[in-house]
Amino acid sequence: MKTRAITGFFFIIVLVCATIFNQYVFAAFFSLVGVFAAREFFVITTTPETKPLKTVGILIALGLGLLVSGYFLGLSPLAYLAAIVPLFALLFISSLYLKREKPFHDIAYTILGICYGTIPFLFFVGLGFLDGSFNFAVPMGFLIMLWANDTGAYLAGRAFGRTKLFERISPNKTWEGFIGGILLAVAISLSLQYFYGTLSRLEWVCIAVIIGAFGTLGDLVESMLKRSLGIKDSGNILPGHGGFLDRFDGLLMAAPLVYIFLMLI
């Protein structure tokens with residue numbers, strides 16, 4: 001418990017500093033986290049039957065991070081994303097030489113790792129550049145509400161939890177905790193307009209509901225992934241907390257939806 005608390009404390013400090021320091025640190029940090037998350041996915045899904053193409057997959061994840069971050073930072077046009085196409089082609093071409101029994105399983109898991117582990121972080125990076133220039137308010141607010149949702153779900157679940165949410169996937173999660181997490185996230189969101197002023201109060205509340213609902217579902221999806229693979233944690237890079245996929249499971253589902261919501265309105 002002590003190790004978990006210490007790791008969590010420094011983990012939060014690093015995230016806050018990476019988010020508010022400047023646009024280059026923010027974009028580079030979370031793009032790299034996306035690369036490490038994809039690599040983590042490749043590692044845990046490697047079996048005698050399925051072997052994701054780690055090297056090519058990491059190159060694609062890194063290329064996506066560089067090109068998307070470059071676009072948001074104003075360093076490269078969106079058209080440069082076409083440079084990723086040859087790398088995706090390399091996935092299929094390299095499989096011709098590996099002599100695997102089911103090469104498309106390997107290709108599919110490689111692409112899935114990029115979609116699940118890398119792309120959500122690029123949407124999160126996009127939250128810092130909604131109006132074309134860097135503003136840390138929305139991504140910082142996102143993280144605060146995500147942490148509030150986790151805290152509210154834990155406290156409400158411990159105090160009032162009776163009705164199981166998805167017992168087959170996560171026996172400890174309850175509907176009471178789910179509702180408590182959303183309520184605390186919404187309560188926190190009401191103050192973000194006062195501190196940041198970037199969005200209206202209603203917009204912050206809508207984001208809180210999205211984070212509360214889909215952040216929890218993201219947690220469940222990651223639990224489903226681990227159960228299907230028979231593992232406890234996705235990695236061990238964060239002592240007491242597991243891996244990147246464990247720590248950012250809520251973000252993986254919520255960040256793309258929050259970005260789309262804000263772009264639509």
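## Phe-124 and its neighbours

Leaving aside residues up to four places away in sequence, Phe-124 is in contact with Phe-26, Phe-30, Pro-139, Phe-142, Leu-143, Leu-251 and Ala-255. The model described here is a predicted one.

## The largest nonpolar core

The largest nonpolar core contains 65 residues, and Phe-30, Phe-124, Phe-142, Phe-248 and Leu-251 are the ones that touch the most other members. Helix α2, spanning residues 23-44, contributes the most to this core, with 10 residues. Because domain 1 (23-131) and domain 2 (134-264) both supply residues to the core, it lies between them.

## The packing of α6 and α7

Helix α6 (residues 137-160) packs with helix α7 (residues 175-195) at an angle of about 140°, and their axes are 6 Å apart. The crossing of α6 past α7 is right-handed.

On the α6 side, the residues in contact include Gly-141, Ile-144, Met-145, Ala-148 and Phe-160. Among their counterparts in α7 are Glu-176, Gly-177, Gly-180, Gly-181, Ile-188 and Leu-192. By residue type, this contact comprises 11 nonpolar, nine polar and one charged.

## The loop residue Arg-100

Arg-100 is found in the loop between α4 (84-98) and α5 (103-126).

Arg-100 touches Pro-48, Glu-49, Thr-50, Lys-51 and Asp-106, when residues up to four places away in sequence are not counted. Along the chain, Arg-100 and Thr-50 are 50 residues apart, and their C-alpha atoms are separated by 9.1 Å.

Technical notes. Residues are numbered from 1 along each chain as its sequence is written. This is a predicted model: local features need pLDDT of at least 70, side-chain atom pairs count only at pLDDT 80 or more; totals for chains, interfaces and linings use all residues. Side-chain values use heavy atoms; hydrogens and water are left out. A nonpolar core is a set of buried Ala, Val, Leu, Ile, Met, Phe, Trp, Tyr and Cys residues joined through side-chain atoms within 4.5 Å. Buried means under 20% relative accessible area, exposed over 50%, partly exposed in between (1.4 Å probe, protein chains only). Helices (H or I, at least four residues) and strands (E, at least two) are DSSP runs, numbered from the N terminus. Domain bounds come from an automatic or database domain assignment. Contact means heavy atoms within 4.5 Å. Axes are lines fitted to C-alpha atoms, for helices over the stretch in contact, and angles run from 0 to 180 degrees between N-to-C directions. A crossing is left-handed if the near helix is turned anticlockwise from the far one by less than a right angle, and right-handed if clockwise. Ala, Val, Leu, Ile, Met, Phe, Trp, Tyr, Cys and Pro count as nonpolar, Asp, Glu, Lys and Arg as charged, and the others, Gly among them, as polar.
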